[in-house]
Amino acid sequence: MSRSGAINRIDALLSTVSDPAFVSVMRGEPLGIAGTPALAFWITSRDVDFLTLTKATSSCNFLIRGYFRMQTSADVRESIELDVWDAMVNIDTALRSDADLSGNAIDTDIGTATTGYTEISGVAYRTMDIPYSVMLGNEVTITP
């Protein structure tokens, strides 16, 4: 198990989502977006779940966010809603296909998907957020 292996596997799984066809998958919260739809994911928190005298098991929580550029056209805005829904389902499917992240985690958990709006550099985006938790066994070795 490794932290870098887990992050690499999350990136690889998100990159398999083809409906909608994301133009990029970014690690970290973006300061700007070159094209949409786009995906980004970043760490939001880390908790110790289980502790023994020599080891600690933890959960690292991520936020996966999809960005869909808003348009003045009503038809385009309507099509974005289907893209958001498809993204929710297809990201869920991709992540559940490898719950242990190729042996880099004990387990993973997908939270409730939500939607909203945000503005980046004066551009409005429809957003889709999915919380994702990764459990790492014996992540920390405790030396007495």
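**Notebook: aromatic pairs and cores**

I searched the whole structure, a predicted model, and found three aromatic pairs. I recorded two of these in detail, as follows.

**Entry 1: Phe-41 and Phe-62.** I looked up the geometry of Phe-41 with Phe-62 and noted a tilted pair, with 6.2 Å centre to centre and 50° between the planes. Phe-41 belongs to strand S2 and Phe-62 to strand S3, so this pair ties together parts that are 21 residues apart in sequence. I checked accessibility and found both Phe-41 and Phe-62 buried.

**Entry 2: Tyr-67 and Tyr-125.** I then examined Tyr-67 with Tyr-125, an edge-to-face pair with 6.0 Å centre to centre and 85° between the planes. This pair links distant parts of the chain, since Tyr-67 sits in strand S3 and Tyr-125 in strand S6, 58 residues apart. Are the two tyrosines buried or exposed? I list Tyr-67 as buried because its relative accessibility is 1%, where the cut-off is under 20%. Tyr-125 has 3% relative accessibility and therefore counts as buried.

**Entry 3: nonpolar cores.** I turned next to the cores. The largest nonpolar core holds 26 residues, and Ile-91 and Tyr-132 have the most contacts inside it. I traced its sources: helix H1 (3-15), strand S2 (38-51), strand S3 (55-69), helix H2 (74-96) and strand S6 (123-141) each contribute at least two residues. H2 gives the largest share of this core, with six residues. I also noted a second, separate core of nine residues, among them Ile-33, Ala-40, Leu-63 and Ile-120.

**Entry 4: surroundings of Tyr-132.** Which residues does Tyr-132 touch, leaving aside those up to four places away in sequence? I listed Ile-10, Cys-60, Asn-61, Phe-62, Ile-64, Leu-95, Leu-101, Thr-108, Asp-109 and Ile-110. Phe-62 in this list is also a member of the tilted pair with Phe-41.

**Entry 5: the protein as a whole.** I counted two helices and six strands, and I read their pattern along the sequence as α-β-β-β-α-β-β-β. The C-alpha trace spans about 65 × 30 × 25 Å along its principal axes. Of the 144 residues, 40% count as buried. Considering contacts with a separation of 6 or more, I found that 63% involve residues 24 or more positions apart. I noted an accessible surface of about 7700 Å², with 53% of this area belonging to carbon and sulfur atoms. Lastly, I compared the charges: the mean positions of the 10 positive and 18 negative charges are 6 Å apart.

Methods: Residues numbered from 1 in each chain as written. Predicted model: local features only at pLDDT ≥ 70, side-chain atom pairs only at ≥ 80, totals over all residues. Heavy atoms only, no water. Helix = DSSP H or I, 4+ residues; strand = E, 2+ residues; numbered from the N terminus. Buried < 20%, exposed > 50% of the residue type's maximum accessible area, 1.4 Å probe, protein only. Contact = heavy atoms within 4.5 Å. Areas by Shrake-Rupley, 256 points an atom, 1.4 Å probe, with all protein chains shown as cover. Lys, Arg positive; Asp, Glu negative; His and termini not counted. Charge placed at Lys NZ, Arg CZ, Asp CG, Glu CD. Core = buried A, V, L, I, M, F, W, Y, C linked by side-chain atoms within 4.5 Å. Phe/Tyr/Trp six-rings, centres within 6.5 Å; stacked < 30°, edge-to-face > 60°.
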